[in-house]
Amino acid sequence: MKVLLISTYDLGHQPFSLASPAATLSNAGISVTCNDLAVDTLNESAAINADMIGLYLQMHTATRLSVALLPKLKQLNSHAHISFYGLYAPLNADYLRTIGGDSFIGGEFEDGLLKVCNTLLNNNSASKFNLISTKKQNFIQPLRNGLPNLDKYAHLIMSDNSKKVVGYTETSRGCKHKCRHCPIVPVYHGRFRVIPQDLVLADIRQQIEKGAQHISFGDPDFFNGPGHATDILVKFRNEFPKITFDATIKIEHILKHKDLLPMLKEAGCLFITTAVESVEESILDHLNKGHTRSDFVLATRIAQEIGITLSPTFVPFTPWTTTDGFIDLLNTIAELNLIENVAPIQLAIRLLIPNESYLLKLPQIKPYLKEYDQEALSYRWQNKNHSVEKLCSVVQNIVETGAQKKHSRIKIFKTIYRAALESKGSRQTSIPHIKEQSGFKIPSMSEPWFCCAEPTKEQLARL
Ligand code: SF4
């Protein structure tokens, strides 16, 4: 049996979610080809010869790209079983079925994909698979040989502008929290699953042997299982003393496990990505984020004292956003000396409400909610203040232009600040706290994190 596994976009990393199922299927004697369209062209001969094509739907952008790719795959091979897997597969199964999907596997997907293959091998129809599983998987060391070299992917830009080749792995999947806007929650419902420590270390080892100088731990939250994470880090530090890493940790966990932060720093942590989303208490409450504005301020101070860079992410545009609230967010970022730490795209993100989002259960969203937009794979909503909607478009344009012209973060921040003042009709010309910014650079990825953006022309052209 021949299987083609395709990823269209995985946040600039070599996809763990191709390498891990590739190992599971190969171990069962299935011939697997991996094709990462984020950095490669479509392997047409593998598509033509495949009995099963698995499309990995990491999140929103990957799903939009996979939907755009599907007609071409069908044209090349109308007989292959099409299996969508990843978080967005079960959430969009009804729609994906209408465009030619056969099976839909969410959550822990390795065993599910194997089950589909075995069913097809036994000449049975696997089309009944619409599976969400959070069951412990039989993990095998990810098979990365068939993927493009690590230097083809996003690299880490250090403060002195030198570059590091980045590897990527996960120590856990899912999340024990239930933030209402998070697409992980409708699939995992507050559960998370760990990946065995020896396999995590073996995966790191094989990437370092291929040139990785820095490891991104891509767990939704590295401290969902702090004991598991720190055990891995102790072994990581002993075996790879020169390799640095980054991880994603929520504000609540940074505070709860602040005693572990010096150990992270000592083990080579260069930065922590943390989903702050908002500095308004009512919005944080609507999103069920589990932290307050002052928690964010405290977490920032603690990280700064220890010397670990925080890289906060935000959802600035929500149904409840006001222009004053947006300016307050910008002021807070400037006050905390975080302008250089925030990727400009984070100031332009508009809340995304996918199918089955826990936000749909929140009474406070109802006055703003409109119909489901099939093409956009999300519910439409509108802020009742039109000037905020307009400001959102203006900020998105500023960020896009800034990226094209390679403007610095501070320049883009100032332009956004002025646009916000203009939107308010303010006569203020100065930007508070901006002089305190030293303009220093922090380590950052060459490709900013965004899972919910419109596919770009370049991404669509590669399909
Ligand atoms: S902590 Fe992060 S990963 Fe977990 S539910 Fe909240 S947003 Fe999602």
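Hi everyone, let me open with a definition: two strands count as paired if DSSP finds at least two bridges between them.

Two housekeeping points. This is a predicted model, in which local features need pLDDT of at least 70 and side-chain atom pairs count only at pLDDT 80 or more, while totals for chains, interfaces and linings use all residues. Residues are numbered from 1 along each chain as its sequence is written.

Three strands form an open sheet in the order S8-S7-S18, with antiparallel pairing. Strand S8 (163–164) and strand S18 (444–445) are at the edges with a single partner strand each, so one side of each has no neighbour in the sheet. Strand S7, residues 156–157, pairs with S18 over two antiparallel bridges, and Ile157 has Ser444 as its bridge partner in S18.

Now the whole chain. The protein chain holds 17 helices and 18 strands. Its radius of gyration is 22 Å, close to the 23 Å that the globule rule gives for 463 residues, so the chain is as compact as a globular protein of that length. For that number, the radius is taken over C-alpha atoms, and the rule is 2.2 Å times the number of residues to the power 0.38. The C-alpha trace spans about 70 × 55 × 40 Å along its principal axes.

How much of the chain is buried? Buried residues make up 47% of the 463. The cut-offs: buried is 20 or more other C-beta atoms within 10 Å of a residue's own, exposed is 12 or fewer, and partly exposed is in between, with C-beta atoms placed from the backbone.

Four of its five residues are buried, so S13 is largely enclosed by the rest of the structure. On one side, three bridges join S13 to the parallel strand S12, residues 214–217, and Ile215 has Phe245 as its bridge partner. Four bridges also join S13 to strand S14 (residues 269–277), again in parallel, with Asp246 partnered by Phe271. S12, helix H9 (residues 226–239) and S13 make a right-handed β-α-β unit; right-handed says that, with the strands pointing away from the viewer, the path from the first strand over the helix to the second runs clockwise.

For those of you who check backbone torsions, most residues other than glycine have a negative phi. Leu11, though not a glycine, has a positive phi of about 55°. Leu11 is in the loop between strand S1 (2–7) and helix H1 (16–27), and counts as buried because it has 21 C-beta neighbours inside 10 Å. His189 also has a positive phi, near 45°, and lies in the loop between helix H7 (185–188) and strand S11 (192–194). With 14 C-beta neighbours inside 10 Å, His189 counts as partly exposed.

Last stop, the ligand. Which residues surround the ligand? Among them are Cys175, His177, Lys178, Asp221 and Lys250, where near is a C-beta atom, placed from the backbone, within 6 Å.
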